[in-house]
Amino acid sequence: MSREHSRRRLRRRDRNALIAAALTALSLTTASGCVVVHGEREVVPATTRAEAAKALTAFTDAYNKADKAYDSSVDAPYVTGALADIDSARLKAGHVNSPSGNANHTPLTLTDAHFTIPEKAGWPRWFVADARGNKGGDFRWVLVFTRHDLGERWQVAYLTLMTPGTVPEFRTDEDGWAEAVPADTTQLAVRPDELSKSFASYLQDGGKAFADGRDTSGLRADREKAANTPGLVRQYIDEPLTRDDYAPLALRTADGGALVFFTTHHYEKQTAYTGGTVQVPNKDVQALVKGEVKQSLTLESIANQAVLDPAGSGPVRMLGRVQGMTSAQGE
């Protein structure tokens, strides 16, 4: 064994011992309420790979039970942020239309799971799981699990679907731990904490901040086409959403950029010309409508996005986007 290899093994052993000590201190602090070591200041992995796998299994089990029963209370403890809003509205609509449950339920199975776990200090702690799903075509299901305390359950805040081969390679250290990127870093094309605002502005006014694609220039083109529907006026409001569990989360990629998850808030108001009426698109939308749809219908939705934010300059590239309606108002 070479001298350099021996030194490397000693450094790794000392480092692992420090991580174990920090995690032990955190556990004792939670149990006793006595602060002995400032564990929240230690840079440690967010979790172990074994615990990450258990969290993914627990989420999948709860998701399937909730989908089968159309009961959002079943998986509510396992979701938060954007996914909680989207999922609870979907299940609410399903229950209204089928109170006895989902007759077309097919259990979600996630296989070939990969876990990317960053080292970081402080809370929240979080990690990313990506796996092959049996629903929605040939996609990788990419989930971000987060929690704010050791005593909390892991919850999924972001869920996006990516085509095979588009999940980027992450920068990791010699032990395989990833690097969390600060939300206020200025080393990326767009600061992670400004991506939500930047994307909302892009949808309204266009620009060069985001690369062309289905969920960027394609989405703007779809809106322009819809605006030309005879007898109907469509208005869009797009807002950033960055508070609490809607806050952006970023992982350093191997090329020096970052994979960033962020949330946006959207409204679409459809108004018929005088004498006309607005058609409710389908029964799931109808299930969420408050009021009576006469001349206008306002649809509220939440979207979570996963983007590749390059180092330095260059357009941000959308890798995955899921938008779900959360409420509707008729007038």
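## Buried residues and helix 2

A residue counts as buried when its relative accessible area is under 20%. In helix 2, ten places can be read with that cut-off in mind: A52, A55, L56, F59, T60, A62, Y63, N64, A66 and D67 are buried. An α-helix has 3.6 residues a turn, so residues three or four places apart point the same way.

What covers these buried residues? The cover includes helix 3 (72-75) and helix 4 (81-97). Strand 2 (110-116), strand 4 (125-133), strand 5 (140-147) and strand 6 (155-162) are also part of the cover.

The length of helix 2 can be checked too. Helix 2 covers residues 49-69, which makes 21 residues. At 1.5 Å a residue, helix 2 should span 30 Å, and its end C-alpha atoms are 31 Å apart, so the two values agree. Y70 follows helix 2, and its phi is positive, near 50°.

## The model as a whole

This is a predicted model. The mean pLDDT of the protein is 90. A pLDDT of 70 or more is reached by 88% of the residues. Residues 1-39 are another matter: there, pLDDT stays under 50. For that stretch the model has 33 contacts beyond four places in sequence.

The protein has seven helices and 13 strands. Of its 331 residues, 44% are buried.

## Helix 5

Helix 5 spans residues 195-205. Its buried residues are L195, S196, S198, F199, A200, Y202 and L203. Helix 6 (217-226) is one of the covering elements. Strand 8 (232-241), strand 10, strand 12 (296-309) and strand 13 are among them as well. Just after helix 5 comes G206, with a positive phi of about 75°.

## The largest pocket

The largest pocket has a volume of about 470 Å³. It is lined by 22 residues, and I86, D87, R90, Q323 and G324 are the closest to its centre.

Which element gives the most to this lining? Helix 4 does, with seven residues. Strand 6, helix 7 (283-288) and strand 13 (317-330) each supply at least two residues.

## Three residues up close

Start with Q270. Q270 lies in strand 10, which runs over residues 258-272. Is Q270 buried or exposed? Its relative accessibility is 5%, so Q270 counts as buried. The side chain of Q270 makes a polar contact with the side chain of E268, at 3.0 Å.

Next comes V44, in strand 1 (residues 44-45). Its relative accessible area is 1%, so V44 is buried. V44 and K120 are 76 residues apart along the chain, yet their C-alpha atoms are separated by 5.5 Å.

P310 has a relative accessible area of 23%, so P310 is partly exposed. In sequence, P310 and A258 are 52 residues apart; in space, they are 6.4 Å apart, C-alpha to C-alpha. Beyond its neighbours within four places in sequence, P310 is in contact with Q187, L188, A189, G257, P315 and V316.

Terms used
Residues are numbered from 1 along each chain as its sequence is written. This is a predicted model: local features need pLDDT of at least 70, side-chain atom pairs count only at pLDDT 80 or more; totals for chains, interfaces and linings use all residues. Side-chain values use heavy atoms; hydrogens and water are left out. pLDDT is the predictor's confidence in each residue, from 0 to 100. Contact means heavy atoms within 4.5 Å. Helices (H or I, at least four residues) and strands (E, at least two) are DSSP runs, numbered from the N terminus. Buried means under 20% relative accessible area, exposed over 50%, partly exposed in between (1.4 Å probe, protein chains only). A polar contact is a pair of N or O atoms within 3.5 Å; within protein, one must be able to donate a hydrogen and the other to accept it, and residues adjacent in sequence count only if both atoms are side-chain atoms. The expected span of a helix is 1.5 Å times one less than its number of residues. On a 1 Å grid over the protein atoms alone, a cavity is a set of points where a 1.4 Å probe fits but cannot get out, and a pocket is an open set with protein on both sides within 12 Å along at least five of seven lines; lining residues have an atom within 4 Å of a point. Grid points are joined across faces, edges and corners, and a volume is the space filled by probe spheres set on the points.
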